[in-house]
Amino acid sequence: MTATREITLTVNGIEHTIEVEPRRLLVHAIREDLEMTGTHIGCDTGNCGACTVVKDGEPIKSCLMFATQADGSELLTVEGMEELPEAGGDLHPLQEGFREEHGLQCGYCTPGMLMSGKVLLDENPDPSEREIREAISGNLCRCTGYQNIVRSVEYAAEKLSGEEVAAADGGVAVEDGEVVVDADGTDS
């Protein structure tokens, strides 16, 4: 029988103390011990990025780290995005960007993309397209072709900066449920 170790993780602002085997991967501790299944398991080899979480401010692939290595760390998972101050109790601007710019299809890569995008925008609030592509380069997506993911991060950067966000599809700009500008460009 393998001995367990007690570890403490602060996940999405809440401290958790759990018993884990030394060989337990962080992704399994998050999903199974803490029952936060938003972090996905893809390849189990660190290639796909579906398991990306933010550990002490850095994006990490949680399938490449033992849970014991994260003892005492602060983690952010996709479940904690709506609780961040910039979310204002609603969707985080990144989540809103993925919705508005159609940055997801099957959704499997989305939590990892959100975590990588979050760290990028924390470090660089006005990234170029190249910088966004570099930041998400460790996250694979088989569905979208990445362009809408890049636009989703750009959307969030604009929203977080306080700029007016234009609808990429030429649609109607909406603010707090009210139409701001009609499709023909006239004020409503």
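Two strands pair if DSSP finds at least two bridges between them. By that rule, β3 (residues 52–55) and β4 pair in the antiparallel sense, over four bridges. Within β4, isoleucine 60 is the residue that stands opposite valine 53. The model is predicted. The protein chain has 188 residues, and 42% of them are buried.

**Overall make-up**

- The protein chain holds five helices and seven strands.
- Read from the N terminus, the order of elements is β-β-α-β-β-β-α-α-α-α-β-β.
- Among contacts in the protein chain with a separation of 6 or more, 50% join residues 24 or more positions apart.

- Five strands make an open sheet with mixed pairing. Their order is β2-β1-β5-β3-β4.
- The edges are β2 (14–20) and β4 (58–61), each of which pairs on one side only.
- From one strand to the next, the twist averages 40°.

**Helices across the sheet**

- Helix α1 (residues 26–33) lies across β1 (5–11), β2, β3, β4 and β5 (74–76). Helix α1 runs at about 110° to β2.
- Helix α3 (residues 110–123) lies across β3, β4 and β5. The angle between α3 and β3 is about 35°.

**Lysine 55**

- Strand β3 contains lysine 55.
- Is lysine 55 buried or exposed? Lysine 55 counts as buried because its relative accessible area is 17%, and the cut-off for buried is under 20%.
- Setting aside neighbours within four places in sequence, lysine 55 is in contact with Ile60, Met65, Gln69, Ala70, Ser73, Glu74 and Leu75.

**Nonpolar cores**

- In soluble globular proteins, nonpolar side chains tend to be buried together.
- The largest nonpolar core here has 22 residues. Met81, Leu94, Met113 and Met115 have the most contacts inside this core.
- Helices α2, α3 and α5 (147–161) each give this core at least two residues.
- Which element supplies the largest share of this core? Helix α3 does, with six residues.
- A second, separate core has 16 residues, including Ile7, Val11, Val20 and Met65.

**Methionine 113**

- Methionine 113 is among the residues with the most contacts inside the largest core.
- Leaving out residues up to four places away in sequence, methionine 113 touches Phe98, Ile136, Asn139, Leu140, Cys141, Tyr146 and Ile149.

**Arginine 99**

- Arginine 99 sits in helix α2 (residues 93–100).
- Why is arginine 99 classed as partly exposed? Its relative accessible area is 47%, and partly exposed covers the range between the 20% cut-off for buried and the 50% cut-off for exposed.
- The side chains of arginine 99 and glutamate 100 make a polar contact at 3.0 Å.
- Arginine 99 and serine 152 are 53 residues apart in sequence. In space, their C-alpha atoms are 7.9 Å apart.

Conventions
Residues are numbered from 1 along each chain as its sequence is written. This is a predicted model: local features need pLDDT of at least 70, side-chain atom pairs count only at pLDDT 80 or more; totals for chains, interfaces and linings use all residues. Side-chain values use heavy atoms; hydrogens and water are left out. Buried means under 20% relative accessible area, exposed over 50%, partly exposed in between (1.4 Å probe, protein chains only). A polar contact is a pair of N or O atoms within 3.5 Å; within protein, one must be able to donate a hydrogen and the other to accept it, and residues adjacent in sequence count only if both atoms are side-chain atoms. Axes are lines fitted to C-alpha atoms, for helices over the stretch in contact, and angles run from 0 to 180 degrees between N-to-C directions. Contact means heavy atoms within 4.5 Å. A nonpolar core is a set of buried Ala, Val, Leu, Ile, Met, Phe, Trp, Tyr and Cys residues joined through side-chain atoms within 4.5 Å.
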